[in-house]
Amino acid sequence: MVAQGFTVDLDKPLVYQVGHLGEAYQEWVHQPIVSKEGPRFFESDFWEFLTRTVWWAIPTIWLPVVCYSISVSIHMGRTVPEVALMVVFGIFIWTLMEYTLHRFLFHINTRSYWGNTIHYLLHGCHHKHPMDGLRLVFPPAATAILLVPFWNLIKLLATPTTAPALFGGGLLGYVMYDVTHYYLHHGQPTVEVPKNLKKYHLNHHFRIQNKGFGITSSFWDKVFGTLPHSKSAKNR
């Protein structure tokens with residue numbers, strides 16, 4: 001049962017509260033609270049620790065895996081140009097996954113207790129507390145679990161000699177995405193391209209949250225028609 005008029009207490013662990021919001025969850029989670037540190041998620045120190053990740057842990061942990069995966073394809077006889085092509089293709093595949101996951105999974109509408117709870121853990125917490133520096137990148141433990149089906153899918157679709165390079169490329173794309181995402185929230189770009197990308201992403205958070213799902217680029221938003229309108233176009 002959903003409690004009528006339920007109010008989330010930000011001074012208590014949030015994860016097991018948000019489910020009680022029911023249909024009001026979507027409105028609540030898309031009203032951001034801008035602070036550099038988010039609230040506690042769990043009473044348990046262990047589970048709380050797993051939800052907090054410094055940004056530099058992502059390249060530190062996963063770039064060695066990327067390099068190893070790429071080297072496996074080379075040692076299996078693939079030429080460097082062939083491997084480079086597979087890596088680029090893997091990055092390209094990741095960009096589509098990035099868009100698809102963000103649009104169709106991270107922005108799914110939920111109203112049930114467990115639906116709200118899972119959504120909050122996946123992405124809702126980021127929209128509620130977009131500047132929480134320790135919850136901007138994906139926890140490595142969760143990434144490790146998700147890499148298992150990703151690797152199995154690539155092995156199914158690719159040849160034994162190209163699968164490692166494709167996997168490495170996809171994982172490299174993920175690392176680029178997570179580091180870029182952190183920078184778009186906490187960096188202060190002075191060059192035009194990252195400045196525009198930062199505006200594009202913050203527009204998704206604070207103005208039009210049902211469009212602009214690309215993080216590293218707006219390419220797939222253009223392809224699938226989810227490019228947000230500019231303010232000037234909206235006022236015409």
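**Helix packing and cores in a predicted model**

H5 passes H8 in a right-handed crossing. A crossing is called right-handed if the near helix is turned clockwise from the far one by less than a right angle, and left-handed if anticlockwise. Helices here are DSSP runs of type H or I with at least four residues, and they are numbered from the N terminus. The model is predicted, so local features need pLDDT of at least 70 and side-chain atom pairs count only at pLDDT 80 or more, while totals for chains, interfaces and linings use all residues. Residues are numbered from 1 along each chain as its sequence is written, and side-chain values use heavy atoms, with hydrogens and water left out.

The axes of H5 and H8 come within 7 Å and cross at roughly 50°. An axis is a line fitted to C-alpha atoms, for helices over the stretch in contact, and the angle runs from 0 to 180 degrees between N-to-C directions. That angle makes H5 oblique to H8. Angles under 35 degrees count as roughly parallel, over 145 as roughly antiparallel, 65 to 115 as roughly perpendicular, and the rest as oblique. On the H5 side, the residues that make the contact include Val-83, Met-86, Phe-89 and Trp-94. On the H8 side they include Ala-165, Leu-166, Leu-172 and Tyr-177. Contact means heavy atoms within 4.5 Å. Sorted by class, the residues of this contact are 13 nonpolar, four polar and one charged. In this sorting, Ala, Val, Leu, Ile, Met, Phe, Trp, Tyr, Cys and Pro are nonpolar, Asp, Glu, Lys and Arg are charged, and the others, Gly among them, are polar.

H8 also packs against H4. The axes of H4 and H8 come within 7 Å and cross at roughly 160°. The two helices are therefore roughly antiparallel to each other, and H4 passes H8 in a left-handed crossing. Among the H4 residues that meet H8 are Ile-58, Trp-62, Val-65 and Ser-69. Among their partners in H8 are Phe-167, Leu-171, Tyr-174 and Asp-178. The residues of this contact divide into 16 nonpolar, three polar and one charged.

H4 spans residues 57-75 and H7 spans residues 140-157; these two helices pack at an angle of about 30°, with their axes 11 Å apart. H4 and H7 are therefore roughly parallel to each other, and their crossing is right-handed. Ile-58, Ile-61 and Trp-62 in H4 meet Pro-140, Thr-143, Ala-144 and Leu-147 in H7. By class, this contact has six nonpolar residues, one polar residue and no charged residues.

The next topic is the nonpolar cores. A nonpolar core is a set of buried Ala, Val, Leu, Ile, Met, Phe, Trp, Tyr and Cys residues joined through side-chain atoms within 4.5 Å. The largest core has 26 residues, and those with the most contacts inside it include Ile-58, Trp-62, Leu-147 and Phe-167. The elements that give two or more residues to this core are H4, H5 (80-105), H7 and H8 (163-186). H8 gives the largest share, 11 residues. Leaving out residues up to four places away in sequence, Phe-167 touches Val-65, Ser-69, Leu-147, Phe-150, Trp-151 and Ile-154. A second, separate core of 12 residues includes Leu-21, Trp-28, Phe-41 and Phe-42.

A few single residues complete the walk. Pro-64 has its place in H4. At 48% relative accessibility, Pro-64 counts as partly exposed; buried means under 20% relative accessible area, exposed over 50%, and partly exposed in between (1.4 Å probe, protein chains only). The C-alpha atoms of Pro-64 and Gly-168 are separated by 9.8 Å, though the two residues are 104 residues apart along the chain.

His-119 lies in H6 (residues 113-128) and is buried, with a relative accessible area of 5%. Its contacts, not counting residues up to four places away in sequence, include Tyr-25, Phe-106 and Gly-124.

Pro-130 lies in the loop between H6 and H7. This proline counts as buried, at 0% relative accessibility. Neighbours within four places in sequence aside, Pro-130 is in contact with Pro-32, Ile-33, Leu-136, His-185, His-205 and Phe-206. His-205 is 75 residues from Pro-130 along the chain, and their C-alpha atoms are separated by 7.6 Å.
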